Amino acid sequence: MPAEVLEQAAAEMLDWPDASGRSSGMGVMEMSHRGRAFGEILARAQTDFRSLMAVPENFHILFMQGGGAAQNAIVPLNLCGPSADTQAKADFVVTGGWSAKSLLEAGKYCQPHEAARSAAFRDIPDLATWRLHHGAAYVHLCSNETVHGVEFHTLPDLAALGCDAPLVIDCSSHIASRPLDWSRVGLAYAGAQKNLGPAGLTLVVVREDLLERALPACPSVFCYRELARHDSMVNTPPTFGIYMAGLVFQWLLRQGGIAAMEQRNIAKAQALYAAIDASDLFYNPVDPACRSRMNVPFFLRVPERTDAFLVSAEAAGLLQLKGHKSLGGLRASLYNAMPMEGVQTLISLMREFERTQA
Ligand code: PMP
């Protein structure tokens, strides 16, 4: 989270001032979600996100709960109907741990099919090899694999591959780090807790024509059509999360918007990957064509020294560099709020460690 945003939230914790600076006499957590004050917060968050990410008018922006993982069930519940008579098929492109989980969960609601799978989750299979089903309800991929560090730098053009199914993307860990080509997407979802705000909020952007495909069993509070009709308020929405995400959107606008953010993210990622590639001690195994700008898993050629590196990192104020439990090693998260100075401190430490302690 950007420090500026946390400071603003702290200053407004007991008394939220409206757009004209007038005191509301209450904090955001104390507001009725149907009241005027929260209405302003919700409307501004939607408008700012639409303008930031250039979301076309025929897409709805929904604020939901359940995290990215719940969408693995909510997506098939919404896209595999409207009839429950024959089980719909859906195609999955598996490029890491998160898309593998999406495929497994979807199996409870539809017939998932693995259209492509990358070797050891270190690359993206060539589009020409994807086996897409005619008549699939949707094609799912994770556009940035948080654990394995594999990112789609361009989204596939399914129509050009002869596929008319909507593309569904899990963009939880790189949303708002780069522009998104909405002409290639039917639905995008993201848990908020990487680039947008606190855990507990999930953002869903769904194309209007996909709202009428829900299975009869789809719960009302998870039904995109109902959420779109009721402005994300089928039940009480995650009000504080929406408020915090709204402050992040305002911060992003002040930074110059998503194009400016993308340039900074490119510079941060390039600096770190260049340092890793130039090192004899550290390495990153991902195909350079699809290395993630947000999540950089890296490893020591002498794995026994990993813990010593983590101790030095903590002493230098570099926190949470331990790799995901499934891979071990190290992982640097370069989300929007991470400044270039943080990356440079890490690079200096890596050089120093390699020179003196490896
Ligand atoms: N998808 C991706 C790409 C993720 O990174 C995560 C969480 N790290 C999830 C899904 C699951 O999100 P949640 O914990 O919010 O359910």
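I take helices (H or I, at least four residues) and strands (E, at least two) as DSSP runs, numbered from the N terminus. The model is predicted, so I ask for pLDDT of at least 70 for local features and 80 or more for side-chain atom pairs, while totals for chains, interfaces and linings use all residues. Residues are numbered from 1 along each chain as its sequence is written, and side-chain values use heavy atoms, with hydrogens and water left out.

**Entry: the loop between E3 and E4**

I looked up Ala120 first. Ala120 sits in the loop between strand E3 (111-117) and strand E4 (139-142). Its phi is near 55 degrees, a positive value in a residue other than glycine. Phe121 lies in the loop between E3 and E4 as well. For Phe121, too, phi is positive, near 55 degrees. I noted these because most residues other than glycine have a negative phi.

Buried or exposed? I call a residue buried under 20% relative accessible area, exposed over 50%, and partly exposed in between (1.4 Å probe, protein chains only). Ala120 has 57% relative accessibility, so Ala120 counts as exposed. Phe121 has 14%, so Phe121 counts as buried.

**Entry: a cis bond**

I checked the peptide bond that joins Gly81 and Pro82. The bond is cis, with omega about 5 degrees. Pro82 is in the loop between H3 and strand E2 (89-94). Most peptide bonds are trans.

**Entry: the ligand**

Which residues surround the ligand? I count a residue as near if one of its heavy atoms lies within 4 Å of the molecule. Among them are Gly67, Gly68, Ala69, Trp98, Asn144, Ser173, Gln193 and Lys194. By class, the shell has 3 nonpolar, 7 polar and 2 charged residues. Here Ala, Val, Leu, Ile, Met, Phe, Trp, Tyr, Cys and Pro count as nonpolar, Asp, Glu, Lys and Arg as charged, and the others, Gly among them, as polar. Helix H3 (residues 67-79) gives the largest share of the shell, 3 residues.

Next I looked up polar contacts. A polar contact is a pair of N or O atoms within 3.5 Å; within protein, one must be able to donate a hydrogen and the other to accept it, and residues adjacent in sequence count only if both atoms are side-chain atoms. A polar side-chain atom of Gln193 is 2.8 Å from an oxygen atom of the ligand. For Gly68, a backbone N or O atom lies 3.1 Å from a ligand oxygen atom. For Trp98, an N or O atom in the side chain is 3.5 Å from an oxygen atom of the ligand. The ligand taken alone exposes 390 Å², and the protein buries 82% of that. These areas come from the Shrake-Rupley method with a 1.4 Å probe; for residues, only the protein chains shown count as cover.

Ser173 is in the loop between strand E7 (167-170) and strand E8 (187-191). Its relative accessible area is 1%, so Ser173 is buried.

Asn265 is in helix H7 (residues 257-278). Asn265 is buried, because its relative accessible area is 1%. Its side chain makes a polar contact of 2.9 Å with the side chain of Asn336.
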